[in-house]
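Hello,

Here is the structure I promised to pass on to you. Have a look at it first, and then read on for what turned up in it.

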Amino acid sequence: MKNYQTIILSNLEISPGYWRMRILAPGFAAVAKPGQFVMLRPELALPTLLRRPFGIFRTGCLPPECAGLPAREYLEILYKVVGQGTRILSELHAGDRVELLGPLGQGFAINDNTCEKLLVGGGIGLVPLFLLADELIRRGHHVRLLMGGRTRDDILAVTEFERLGVETYVSTDDGSLGEEGLVTRVLERKLAKYPCAEVYVCGPMPMLAAVEQICRTRQVPLQVSLEAHMACGVGACLGCVVKGAGHSEERPNYLCTCKEGPVFAAGQLDWGRATTVDDGCPEGGCR
Amino acid sequence: MKTLKRPSLVVEIAGMRLRNPVMPASGTFGYGQEFAPFLDLQRLGAIVTKGLSLKPKAGNPMPRIAETTSGMLNAIGLQNVGVDAFITEKSVTYRGLNTPVIANFFGNTLDEYGEVARRLADVPEVTAVELNISCPNVKQGGIVFGTDPRAAAEVVTLVRRQLDKPLIVKLTPNVTDITVIARAVEEAGADAISCINTITGMTVDIRTRRPKIANRTGGLSGPAIRPIAVRMVHQVVQAVQIPVIGIGGIMTAADALEFLIVGARAVQVGTANFIDPAAMLAIIDGIETFLIDEGLDDVNQVIGSLEF
């Protein structure tokens with residue numbers, strides 16, 4: 001984990017309201033694990049103050065432009081403009097300076113068993129699933145991505161997953177792309193077909209709760225990537241806590257989304273009330 | 001030829017010799033180790049722990065934080081591991097560390113304050129304590145200890161009897177006249193005062209019509225409060241003889257110097273730690289650079305140098 005003062009390489013709107021930012025980050029790719037996140041803000045951040053958390057979408061390396069130059073390592077985030085912080089980010093350009101802290105948090109645990117790997121993403125929630133898919137495929141697993149959104153505008157980067165060799169299934173609420181309906185219906189169908197499966201999910205809270213219920217009923221292992229407002233990202237402010245399993249006022253079990261998460265095994269969380277985490281996706285990608 | 005000598009940043013507070021006047025504000029630095037990956041803890045003037053209570057505390061429901069213009073509101077609810085877990089699990093991490101450790105603590109009754117103080121009294125790793133009196137007294141209708149001079153003096157007197165370590169009392173700004181409280185805690189035996197704690201505030205989500213934090217109100221921190229904090233520190237410095245530690249929205253060395261110039265002997269950095277975990281190092285270096293620029297060889301020449 002490192003505190004970078006670095007520059008933006010590119011910042012493009014890839015779908016209405018959704019942006020993709022590439023940031024120079026030497027030494028980042030080697031240490032970033034699927035499911036981790038970064039805290040980011042423009043160097044001149046006024047009128048906002050705090051860094052914002054963003055899931056790491058992918059990492060990569062630009063070839064040296066001239067002989068003898070070191071290759072330039074970068075990371076990419078995908079984010080949705082939802083508030084002041086993300087709006088300011090969307091107005092930045094290549095060469096603008098940013099402050100970045102990361103990679104942070106606990107990523108996905110990867111099990112090399114033979115069960116089917118089902119990745120479920122809702123809207124911007126697909127962000128942490130890309131590096132995960134990449135890693136699973138590199139380990140020889142067959143990966144299926146179940147991607148849901150309200151409309152076709154909310155379906156992002158599917159072709160990039162396909163280029164990795166991921167089998168993708170798209171569903172939208174209005175049927176404007178792929179199957180009409182909720183992604184959870186697709187998940188139930190897949191689980192009926194592949195009872196030995198592992199599910200990895202990131203998306204809005206109601207979707208996470210529905211997926212948790214489906215997986216619990218079928219006793220399928222589930223890992224969940226949560227999103228929360230954060231101030232520090234390193235476990236100090238305690239502003240991003242979520243109720244852990246067995247939490248009660250007498251025996252509190254608050255877990256920091258930033259430090260103990262953002263990826264949790266479903267069993268670590270209190271699903272009765274875990275939904276007291278912010279509903280929906282406040283800012284940026286799900287982590 | 002004049003020899004180049006680095007200016008001295010050493011300050012003394014309540015018998016403690018600090019290598020520089022910069023330390024974290026309680027609740028923004030965990031128990032210290034959380035920040036070890038980002039900065040050398042031995043470069044800080046002191047470490048100030050998260051607020052400790054007699055029993056572990058769960059804290060408030062979510063959401064607990066909201067950003068506001070040039071600031072943030074928080075209502076964490078003093079979530080902490082409790083004083084016993086602190087002593088058995090956290091205090092050992094300070095062994096061998098050549099930086100004073102200031103344990104911040106609070107209670108909701110006089111008895112609780114006294115008992116936490118008693119348990120901290122003999123912990124060798126704890127150099128000093130900082131008493132948070134911004135809590136409601138649950139046995140007396142919830143009146144906040146720190147807003148009433150008699151209640152404030154009472155809790156300071158009680159804690160003073162429990163321990164010999166340097167006793168810093170942290171004041172709330174949510175009062176009509178902070179100097180009244182400052183004098184009351186000085187008379188009751190405080191060795192130093194730190195101020196200000198956060199200012200009570202509120203912010204609303206206009207779409208949902210709900211407060212943005214579950215607790216409705218929260219404590220405002222960050223650069224938005226700094227001019228208020230500088231004013232209050234100035235007033236307190238004028239009112240008491242004991243050293244004052246300035247707190248409130250310090251982001252840069254220039255901000256810290258404002259507090260030192262009005263007479264703060266040291267400063268605490270809070271919200272800035274969330275934005276840049278190494279912020280305090282830049283502030284320490286910046287103070288040194290300022291002294292060199294000004295041709296001064298000791299930070300104490302800046303402290304209380306306000307002209308008016």
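Let me begin with Ser171(A), which sits in strand β10 of chain A, a strand that covers residues 167-172. Please keep in mind that this is a predicted model.

Is Ser171(A) buried or exposed? A residue counts as buried once 20 or more other C-beta atoms lie within 10 Å of its own. Ser171(A) has 21 such neighbours inside 10 Å, so Ser171(A) counts as buried. Leaving aside residues up to four places away in sequence, Ser171(A) touches several others, including Gly148(A), Gly178(A), Glu179(A) and Val186(A). Leu44(A), on the other hand, is 127 residues away from Ser171(A) in sequence, and their C-alpha atoms are 39 Å apart in space.

Now to chain A as a whole. Its secondary structure amounts to five helices and 16 strands. The C-alpha atoms occupy a box of roughly 55 × 50 × 35 Å along the principal axes. For 287 residues, a compact globule would have a radius of gyration near 19 Å, and the 18 Å of chain A agrees with that. Of these 287 residues, 47% count as buried. Among the contacts in chain A with a separation of 6 or more, 67% link residues 24 or more positions apart.

There is also a sheet to trace in chain A. Seven of its strands make an open, antiparallel sheet, and the order is β4-β3-β7-β1-β2-β6-β5. At the edges are β4 (52-55) and β5 (58-62) of chain A, each with pairing on one side only. On average, neighbouring strands of this sheet are turned by 40 degrees against each other, if direction is ignored. Within the sheet, β1 (residues 2-15) and β7 (residues 97-104) of chain A are antiparallel partners over six bridges.

Finally, a helix in chain B. Which residues of α1 (residues 83-90) of chain B are buried? Val83(B), Phe86(B) and Lys90(B) are. Viewed down the axis of α1(B), the buried residues fall within an arc of 80 degrees, so they line one face of the helix. These buried residues pack against β7 (101-105) and α2 (110-121) of chain B. Thr88(B) and Glu89(B), on the other side of α1(B), are exposed.

Enjoy exploring it!

Best wishes

How values were computed. Residues are numbered from 1 along each chain as its sequence is written. Chains are lettered from A and ligands numbered from 1 in the order in which they are written. This is a predicted model: local features need pLDDT of at least 70, side-chain atom pairs count only at pLDDT 80 or more; totals for chains, interfaces and linings use all residues. Two strands pair if DSSP finds at least two bridges between them. Helices (H or I, at least four residues) and strands (E, at least two) are DSSP runs, numbered from the N terminus. Axes are lines fitted to C-alpha atoms, for helices over the stretch in contact, and angles run from 0 to 180 degrees between N-to-C directions. A residue is buried if 20 or more other C-beta atoms lie within 10 Å of its own, exposed if 12 or fewer, and partly exposed in between; C-beta atoms are placed from the backbone. Two residues are in contact if their C-beta atoms, placed from the backbone, lie within 7 Å. The radius of gyration is taken over C-alpha atoms; the globule rule is 2.2 Å times the number of residues to the power 0.38. The arc is that of the directions from the helix axis to the C-beta atoms.
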